[in-house]
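Dear colleague,

Please find below the structure that I would like to hand over to you.

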Amino acid sequence: MADGANGLLSGICLAFFTFTFFEYSSQSVFALIMALTIFIVFNVGTGKIFLGDFGSYGLSSAVAMTALVMYGSGNYTMWLLASIVSYPCVELVRVLTQRAARKISPMQAGNDHTHNFLYRVCRQAGLGRIAANSLTGCAIAIVSAAIPAGLAMTGVLARTDTASWLGYFVAYIVLHIAAARLLKISAEQSAS
């Protein structure tokens with residue numbers, strides 16, 4: 001499936017910008033939230049459009065720049081912001097490390113990402129291509145981005161509590177690696 005078609009990146013960005021809007025109530029952030037919501041609602045059901053490089057890199061840059069401004073304000077620990085955008089960062093390091101261990105070029109394309117494993121498991125469970133792809137992207141976005149954003153917005157974890165957010169981030173890394181391993185095993189067992 002094409003880049004951005006499954007709601008993964010748009011879902012992570014939606015969680016991040018919803019948190020940002022909760023903090024700053026900016027009209028431009030609200031416009032981004034509306035655009036992302038419309039994109040996700042339309043695309044989850046159809047899978048007909050995708051973000052492409054410009055959309056993916058543009059949204060990612062907007063998230064990165066906004067996170068830097070928020071961190072620079074001193075009102076947020078970097079571990080809170082890292083937790084909301086954890087999936088792409090942790091996944092990149094996980095895949096590069098595994099490829100290096102197997103002596104495979106890190107620049108080579110592959111289907112060894114956690115979302116690829118989850119997609120295969122969904123397909124093997126009988127879901128169609130669009131449903132499996134949409135479920136994959138939305139589920140990972142909710143688990144990796146919406147949960148920490150919600151914890152911060154509700155005050156369950158304080159925005160400046162470095163120790164708590166560092167602990168959350170480390171726990172996420174451990175769970176991410178374990179989930180990737182289990183999904184890979186499950187996808188391989190079902191395929192054989």
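**Salt bridges, a pocket and a surface patch**

Glu23 is partly exposed, with a relative accessible area of 23%. Please note that the model is a predicted one. Glu23 forms a salt bridge with Arg159, in which the closest N and O atoms are 2.7 Å apart. Because Glu23 belongs to helix α1 (residues 8-24) and Arg159 to the loop between α7 and α8, this pair ties together parts that are 136 residues apart in sequence.

In total, the structure holds four salt bridges. Another of them joins the side chains of Arg94 and Glu91, with an N to O distance of 2.8 Å. Both residues are in helix α5 (residues 86-101), and because they are three residues apart they are separated by about one helical turn. Arg94 counts as buried, at 8% relative accessibility. Glu91 is likewise buried, its relative accessible area being 3%.

The side chains of Arg99 and Asp112 also meet in a salt bridge, at 2.7 Å from N to O. Here distant parts of the chain are linked, since Arg99 is in helix α5 and Asp112 in the loop between α5 and α6, 13 residues apart. Are these two partners, Arg99 and Asp112, buried or exposed? Arg99 has a relative accessibility of 5% and so counts as buried, the cut-off being under 20%. Asp112 is buried as well, with a relative accessible area of 11%. Arg99 and Asp112 are, moreover, linked with Arg102 in a network of salt bridges.

I turn next to the second largest pocket. The space in this pocket amounts to about 270 Å³. Its lining consists of 14 residues, of which Val143, Tyr172, Leu175, His176 and Ala179 are the closest to the centre. Two or more lining residues come from each of α6 (114-124), α7 (129-153) and α8 (162-191). The greatest contribution is that of α8, which gives seven residues to the lining. As to residue class, eleven of the lining residues are nonpolar and three are polar, while none is charged.

Finally, there is a feature of the surface to report. Phe30, Met34 and Ile38 make a nonpolar surface patch of about 290 Å². Phe30 is placed in helix α2 (residues 27-46). With a relative accessibility of 40%, Phe30 counts as partly exposed.

With kind regards

Definitions and conventions: Residues are numbered from 1 along each chain as its sequence is written. This is a predicted model: local features need pLDDT of at least 70, side-chain atom pairs count only at pLDDT 80 or more; totals for chains, interfaces and linings use all residues. Side-chain values use heavy atoms; hydrogens and water are left out. On a 1 Å grid over the protein atoms alone, a cavity is a set of points where a 1.4 Å probe fits but cannot get out, and a pocket is an open set with protein on both sides within 12 Å along at least five of seven lines; lining residues have an atom within 4 Å of a point. Grid points are joined across faces, edges and corners, and a volume is the space filled by probe spheres set on the points. Helices (H or I, at least four residues) and strands (E, at least two) are DSSP runs, numbered from the N terminus. Ala, Val, Leu, Ile, Met, Phe, Trp, Tyr, Cys and Pro count as nonpolar, Asp, Glu, Lys and Arg as charged, and the others, Gly among them, as polar. Patches are made of residues with over 30% relative accessible area and no salt bridge: like charges are joined within 9 Å, nonpolar side chains (Val, Leu, Ile, Met, Phe, Trp, Tyr) within 5 Å. Accessible areas come from the Shrake-Rupley method with a 1.4 Å probe; for residues, only the protein chains shown count as cover. Buried means under 20% relative accessible area, exposed over 50%, partly exposed in between (1.4 Å probe, protein chains only).
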